[in-house]
Amino acid sequence: MITEARAARLEREAKRHWDIFYKRNETKFFKDRHWTTREFQELINFDVDQKIVYLEMGCGVGNMVFPLIEEGFSNFYFYACDFSPRAVEFVKSNKLYDENKIKAFCADLTTDDLYNNVEKESVDICSLIFVLSAIHPACWSQVAKLAYNVLRPGGVLLFRDYGRYDMAQLRFKPGHKISENFYMRQDGTRSYFFTDNELAHLFVGAGFEIHMNDYVQRRTVNFKEGIDVPRIFVQGKYKKPVADDLGLERFETVYEGELSGINHFTTCKTQYKEYNYPFCLPVPLSQLRE
């Protein structure tokens, strides 16, 4: 495991490492994500005349938004933000970039500076695709709350990231571990590997309803290089409730031992599975049932 001093330095220099990454790789590292409409039907379940505001949190060089533009999502207005100024410049220099359809800007998702460009409750669809894993775990709740705040009631957050024991995690060599399941790459960027329960805890704690939160297994195949390896990702769809309430019908409270104050252990029942996690209610449950 790396030293605390080195881990702190990685956190301080996170933006610089990503900027160097894009300086070195430009737009050639990540493939365009043509799979998103297949995996996320929420992107296409709209009337063609319905105006949709879409925010990609952590857009990189536009590997998600530009395939959508190419596919003819003319009723969408896209916001695309990234930590790296260099990545944002690559987005703006793309031939498909049109300020009438898309606005790209720098934003640090661990702060509130997103609000300088996007108003609260103004977004219909938000995405975090292979972004949260690069952010320090201490900042995840801020990112989740940021997504919640910019979405309109009924809006949805689309999520995919690395799952626990994915091939990328197993390939890390000694000396790259920052903390449990959190690693440093050779170039100084970082990656965390999630469980579904961790994400359920995170996003329900931010106020979302879970519509999907599960592992997906895929394969990375390159016939030319003779590569065929299994991959493990976690994919989620989290909806901001239409009514600003706790939706108590969605919860079954499980009391374990003596409770103090407002902290309860809660089981979230979704149409897919149950998740057990600590859930903090703003007032005692007995008052809410009165």
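# Pairing, burial and contacts

Reader: Which residue in β8 is the bridge partner of M184?

Author: The model is predicted: local features need pLDDT of at least 70, side-chain atom pairs count only at pLDDT 80 or more, and totals for chains, interfaces and linings use all residues. Residues are numbered from 1 along each chain as its sequence is written, and side-chain values use heavy atoms, with hydrogens and water left out. Strand β7 (residues 182-184) runs antiparallel to β8 and is joined to β8 by three bridges, two strands being paired if DSSP finds at least two bridges between them. In β8, M184 has as its bridge partner R190.

Reader: How many helices and strands does the protein chain have?

Author: Helices (H or I, at least four residues) and strands (E, at least two) are DSSP runs, numbered from the N terminus. On that basis, the secondary structure of the protein chain comes to nine helices and 13 strands.

Reader: Why is one side of β6 and one side of β8 left without a neighbour in the sheet?

Author: The open sheet of three strands has the order β6-β7-β8, paired antiparallel. Both β6 (177-179) and β8 (190-192) stand at the edges, so one side of each lacks a neighbour because each has a single partner strand.

Reader: By how many degrees are neighbouring strands of the sheet β6-β7-β8 turned against each other on average?

Author: The sheet has antiparallel pairing in the order β6-β7-β8.

Reader: How many residues of strand β2 are buried?

Author: Strand β2 (residues 76-82) has seven residues, and most of its length is enclosed by the rest of the structure. Buried means under 20% relative accessible area, exposed over 50%, and partly exposed in between (1.4 Å probe, protein chains only). The number of buried residues in β2 is six.

Reader: Through which helix does the chain cross from β2 to β3?

Author: β2 pairs in parallel with β1 over six bridges, and β1, α4 and β2 make a right-handed β-α-β unit. A crossover is right-handed if, with the strands pointing away from the viewer, the path from the first strand over the helix to the second runs clockwise. β2 also pairs with β3, in the parallel sense, over five bridges. The β-α-β crossover from β2 to β3 is right-handed and passes through residues 85-93, helix α5.

Reader: Which residue's side chain makes a polar contact with the side chain of N213?

Author: N213 lies in strand β9 (residues 209-222), and at 0% relative accessibility N213 counts as buried. A polar contact is a pair of N or O atoms within 3.5 Å; within protein, one must be able to donate a hydrogen and the other to accept it, and residues adjacent in sequence count only if both atoms are side-chain atoms. A polar atom of the N213 side chain lies 2.8 Å from the backbone oxygen of D196. The side-chain partner, at 2.4 Å, is Y238.

Reader: Is D113 buried or partly exposed?

Author: D113 sits in the loop between β3 (102-106) and β4 (123-129), and the side chains of D113 and T111 are joined by a polar contact of 3.2 Å. Leaving aside residues up to four places away in sequence, D113 touches A107 and D108, where contact means heavy atoms within 4.5 Å. At 27% relative accessibility, D113 counts as partly exposed.
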